[in-house]
Amino acid sequence: MREIRSQTETVDALVCLIKQVKKAYSNEQPLVVGIRTGGAWIASRICDQLHWDEPATLDISLYRDDFETSGLKRSGTTDRMPKQLNGEPILLIDDVLFTGRTIRAAINVLFDYGRPGRIDLGILFDRGGRELPIEPNFLGESLGEKGVGRCKLVGPEPLALMIPDSE
Amino acid sequence: MHGPAALQLTPDGRIRHLLTTEGLPKSLIIELLDTAETFLSSQGQPVKKVPLLRGKTVVNLFFENSTRTRTTFDIAAHRLSADVVTLDIRTSSASKGETLFDTLKNLEAMQADLFVVRHSAGGAPFFIADRVTPNIAVINAGDGTHAHPTQALLDLMTIRKHKGDPAQLSVAIIGDLKHSRVARSLIHGLRGMGCPDIRAIGPGTLLPGDLEHLAVRPFHRIEDGLKDVDVVVLLRLQKERMTSALLPSEREFFNLYGMTESRLHLAKDNAIVMHPGPINRGVEIENEVADGPQAVILDQVTNGIAIRMAVMAMTLSAQKNDQS
């Protein structure tokens, strides 16, 4: 695997993301929801830093839109979510934003748990290439419009952004 | 690999039909159980439906009576957002003289994606799987006295959840094993998972002759067979067997093999009691056990939905990828 962002650079992006989140939520604590698996790591770091409650986690594999072409991609994890959402503000967290399809799926899952009051999106790295009208409210680092190609956050300790050898 | 086991797998070893647990590799059983666990968590949401199989058509082909199994397959398909059509074949085509093959071709022409088949003749789902066009998955929902693989998988899921890896457990199956596709499929599934101690308990008339080949130890006295087991699986005593001189009476069966609290003490302290349902209280099981803390019978029902969702998603997934 080749490194795109080192441990230090990844932490810098995380610090930048946390700063924005802290400022936006100075008066209230949202329900932080991390998308498995990278998003859940980032969500944990945010909650630790801001002394918030443990984050919830979502597994979006059953809500993907590529079953027809790629079949079932099960992550082997399960959701850790409150039983029912009743209008609470949600801060949805993922590690890398690309087409926006994962976020679309995650929003669908959230609505199957009830009615969120508001959903904000926090992203560690944005690699461009959007195919849906989805943009982050809080962003650690933009990797540029041209994009960096396929990449993957490795972790949870230490965190770094890598290009996988092959898939 | 040849025969039935080969028919249900793709060349690269994924499951394209589920016909039997016989010869199903351990890795695939574990993948099915793990996938079912994922679906189980989606069943805790206020909206229990996931969009995975949106636009797919599942056809329930029930050539034999069944309410319970059919309902769980219905619910599983609906919760995957598939469209479901249930054909009660007994009252339709077959009674008008159409052959099974022609019925199939008609359903294929209606662009079905998955057949759930129950038939009183052993092997019928194999016949169908062997002849359907390649993009249709077939799930065996019970064929004759031969196999009932989804029941076996939900039993394995329940065992694993409550007692851990079957490779460390002793399991006793009690009752009419001879006519039970549930027992046969569970034995194959347990063997596949490496279960070292499978016991069959029942009168000689109700135990099959090939138990030794399956590495199952037969016991005629329940007091001997139950000793120190982790899992007790009761089978439904089918009333129609009573008339065929295999058993004297229900009361007699309960006296000899019924699961009572005092007999359950012979098993390990925290042993679980399972039953595929519907239970006959006072025949296979007394109220105190059926409603007691060691019974996991209703948990089996819940797991049954998740297992059927997993089987549908995995078979259709393999069909799709096999096309490319």
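Reader: What stands opposite Leu31(A)?
Author: Opposite Leu31(A) is Ile90(A), in strand 5 of chain A. Strands (E, at least two residues) and helices (H or I, at least four) are DSSP runs numbered from the N terminus. The model is predicted: local features need pLDDT of at least 70, side-chain atom pairs count only at pLDDT 80 or more, and totals for chains, interfaces and linings use all residues. Residues are numbered from 1 along each chain as its sequence is written, with chains lettered from A and ligands numbered from 1 in the order in which they are written.

Reader: How many bridges join strand 2 to strand 5 of chain A?
Author: Four bridges join strand 2 (31-35) and strand 5 (89-97) of chain A, and the two run parallel. Strands pair if DSSP finds at least two bridges between them.

Reader: And what order do the strands of the open sheet have?
Author: In chain A the order of the five strands is 3-2-5-7-8, with parallel pairing. Strand 3 (56-58) and strand 8 (138-142) of chain A each have a single partner strand, so one side of each lacks a neighbour in the sheet.

Reader: Changing topic, how many residues of chain B are in contact with chain A?
Author: There are 17 from chain B, in contact with 15 of chain A; contact means that C-beta atoms, placed from the backbone, lie within 7 Å.

Reader: Which helix of chain B gives the largest share of that side?
Author: Helix 2 of chain B does, with six residues.

Note on methods:
Contact = placed C-beta atoms within 7 Å.
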